[in-house]
Amino acid sequence: FYKDPTAIANYLHSKNIMKNDNDYYSIDPLGYIAPIEFTFARFIITELFFTNNSEEYFNELINFISKYANREKLINAVYIDSMLFLSALLLQIEDYNKYLSKVMDIIKLIEKSKKEMEMNENEKNCYNITKTRKLVFRS
């Protein structure tokens with residue numbers, strides 16, 4: 001599907017993705033080079049903003065796209081892109097208040113996901129430390 005770095009699409013959404021057999025293609029790449037996670041980030045933000053911004057759908061998108069991209073980088077890219085999306089919203093739309101809560105809900109989902117990732121990493125570290133201690137005590 002990609003080789004990193006790649007030309008990324010600035011506004012990837014369901015209407016500009018083509019599927020051929022097992023491959024997916026973006027039909028309007030922007031023409032600059034960046035990690036693929038940033039293309040997916042805009043897709044996730046757009047999907048959440050214009051369709052369903054539930055936690056379940058967010059996790060479904062992250063889990064599916066993590067097959068093609070690094071999960072941690074993806075979540076960080078979604079966080080960064082949500083800030084860019086928010087700033088564009090504030091600058092381009094007069095009545096941005098009705099959209100602001102949607103973007104803030106998306107940001108809360110991202111922050112929750114980041115915390116869960118950190119907790120999982122801490123659990124792994126605690127397990128490794130415990131495992132190491134057991135080995136030390138046995139010797």
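The model is a predicted one, and the values below are computed from it. Helix α1 (residues 37-50) packs against helix α2 (residues 55-65), α2 in turn meets α3 through a set of residues that includes F58 and I62 of α2, and α1 also meets α3, with R42 and D81 among the residues involved. The count of salt bridges comes to 2, and these are the pairs D81 with R42 and K112 with E55.

**Packing of α1 with α2**

- The angle between helix α1 and helix α2 is about 155 degrees, and their axes lie 11 Å apart, which makes α1 roughly antiparallel to α2.
- The crossing in which α1 passes α2 is right-handed, and the residues that make the contact are F40, F43, I44, E47 and L48 on the α1 side and Y57, F58, L61, I62 and I65 on the α2 side.
- Sorted by class, the residues of this contact comprise 9 nonpolar, no polar and 1 charged.

**Packing of α2 with α3**

- The axes of α2 and α3 come within 9 Å and cross at roughly 135 degrees, and the two helices are therefore oblique to each other.
- This crossing of α2 and α3 is also right-handed, with F58, I62, N63 and I65 of α2 meeting R71, L74, I75 and V78 of α3.
- The contact of α2 with α3 has, by class, 6 nonpolar, 1 polar and 1 charged residues.

**Packing of α1 with α3**

- For α1 and α3 the axes come within 8 Å and the crossing angle is roughly 60 degrees, so that α1 is oblique to α3.
- As α1 passes α3 the crossing is right-handed, and the residues that meet are E37, F38, F40, A41, R42, I44, I45 and F49 in α1 and K73, L74, A77, V78, I80, D81, S82, L84 and F85 in α3.
- By class, the contact of α1 with α3 divides into 12 nonpolar, 1 polar and 4 charged residues.

**Salt bridge between D81 and R42**

- The salt bridge of D81 with R42 has its closest N and O atoms 2.5 Å apart, and because D81 lies in helix α3 (residues 71-92) while R42 lies in helix α1, the pair ties together parts that are 39 residues apart in sequence.
- D81 counts as buried because its relative accessibility is 6%, and R42 is likewise buried, with a relative accessible area of 12%, the cut-off for this class being under 20%.

**Salt bridge between K112 and E55**

- In the salt bridge that K112 forms with E55, the closest N and O atoms are 2.7 Å apart; K112 lies in helix α4 (residues 97-138) and E55 in helix α2, so this pair ties together parts that are 57 residues apart in sequence.
- K112 counts as partly exposed at 36% relative accessibility, and E55 is partly exposed as well, with a relative accessible area of 32%.

**Surroundings of S82**

- S82, which lies in helix α3, counts as buried because its relative accessibility is 1%.
- When its neighbours within four places in sequence are left aside, S82 is in contact with I45, V103, I107 and I110, and S82 and I45 are also both listed among the residues through which α1 and α3 meet.

Note on methods:
Residues numbered from 1 in each chain as written. Predicted model: local features only at pLDDT ≥ 70, side-chain atom pairs only at ≥ 80, totals over all residues. Heavy atoms only, no water. Axes fitted to C-alpha atoms, helices over the stretch in contact; angles between N-to-C directions. Helix = DSSP H or I, 4+ residues; strand = E, 2+ residues; numbered from the N terminus. Parallel < 35°, antiparallel > 145°, perpendicular 65-115°, else oblique. Left-handed = near helix turned anticlockwise from the far one by under 90°. Contact = heavy atoms within 4.5 Å. Nonpolar A, V, L, I, M, F, W, Y, C, P; charged D, E, K, R; others polar. Salt bridge = Lys/Arg side-chain N within 4 Å of Asp/Glu carboxyl O. Buried < 20%, exposed > 50% of the residue type's maximum accessible area, 1.4 Å probe, protein only.
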